[in-house]
Amino acid sequence: MKKRQVVIKQRKNSYTTTSSSSNVRYIECQKNHAANIGGYAVDGCREFIASGGEGTDDALTCAACRCHRNFHRREVETEVVCEYSPPN
């Protein structure tokens with residue numbers, strides 16, 4: 001999870017603070033396993049589960065369906081919080 005905080009001075013005695021965090025999840029597999037025979041079939045894998053530890057090649061392979069992480073639908077949850085202090 002990455003958090004950023006930015007402070008910008010807009011006017012004398014006035015500040016805006018913005019913090020942003022995002023969470024990325026890989027959910028159901030969308031790989032078409034029957035593409036080579038002209039059909040359409042997915043395996044029904046519901047969520048990406050890494051085969052190995054962070055930083056290894058196996059971290060990009062799903063333990064459930066053995067597909068690459070790119071075949072799984074990416075879901076990004078982003079939260080942005082802004083705080084404003086009016087000038088005195």
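Me: Is F48 buried or exposed?
Reply: In this predicted model, the relative accessible area of F48 is 13%. Burial requires a value under 20%. F48 therefore counts as buried.

Me: How many aromatic pairs are there, and which geometry do the rings of Y26 and F48 adopt?
Reply: The count comes to one aromatic pair. The ring centres of Y26 and F48 are 6.2 Å apart, and their planes meet at 65 degrees. Planes over 60 degrees apart count as edge-to-face, so the pair of Y26 and F48 is edge-to-face.

Me: How many residues apart in sequence are the parts that this pair ties together?
Reply: Y26 belongs to strand β2, whereas F48 is in the loop between β2 and β3. Y26 is itself buried, at 18% relative accessibility. The pair therefore ties together parts that lie 22 residues apart in sequence.

Me: What is the volume of the largest pocket, and how do its lining residues divide by class?
Reply: The space in the largest pocket is about 180 Å³. Y26 and F48 both contribute to its lining, as do A50, L60 and R69, among others. By class, the lining has two charged, four polar and five nonpolar residues.

Me: Is T61 buried or exposed?
Reply: T61 is found in the loop between β2 and β3. Beyond residues up to four places away in sequence, T61 touches F48, I49, A50, S51, R66 and C67. Its relative accessible area is 18%, so T61 counts as buried.

Me: What is the phi of R66, and is R66 buried or exposed?
Reply: Most residues other than glycine have a negative phi. R66, in the loop between β2 and β3, is not a glycine, yet its phi is positive, at about 65 degrees. With 55% relative accessibility, R66 counts as exposed.

Me: Where does H72 lie, and is H72 buried or exposed?
Reply: H72 is placed in strand β3, residues 72-85. Leaving aside neighbours within four places in sequence, its contacts include Y26, F48, C29, C45, C62 and C65. Its relative accessibility is 3%, and H72 therefore counts as buried.

Note on methods:
Residues numbered from 1 in each chain as written. Predicted model: local features only at pLDDT ≥ 70, side-chain atom pairs only at ≥ 80, totals over all residues. Heavy atoms only, no water. Helix = DSSP H or I, 4+ residues; strand = E, 2+ residues; numbered from the N terminus. Buried < 20%, exposed > 50% of the residue type's maximum accessible area, 1.4 Å probe, protein only. Contact = heavy atoms within 4.5 Å. Phe/Tyr/Trp six-rings, centres within 6.5 Å; stacked < 30°, edge-to-face > 60°. 1 Å grid on protein atoms, 1.4 Å probe; cavity = no way out; pocket = protein on both sides within 12 Å on 5 of 7 lines; lining within 4 Å. Points joined across faces, edges and corners; volume = space filled by probe spheres on them. Nonpolar A, V, L, I, M, F, W, Y, C, P; charged D, E, K, R; others polar.
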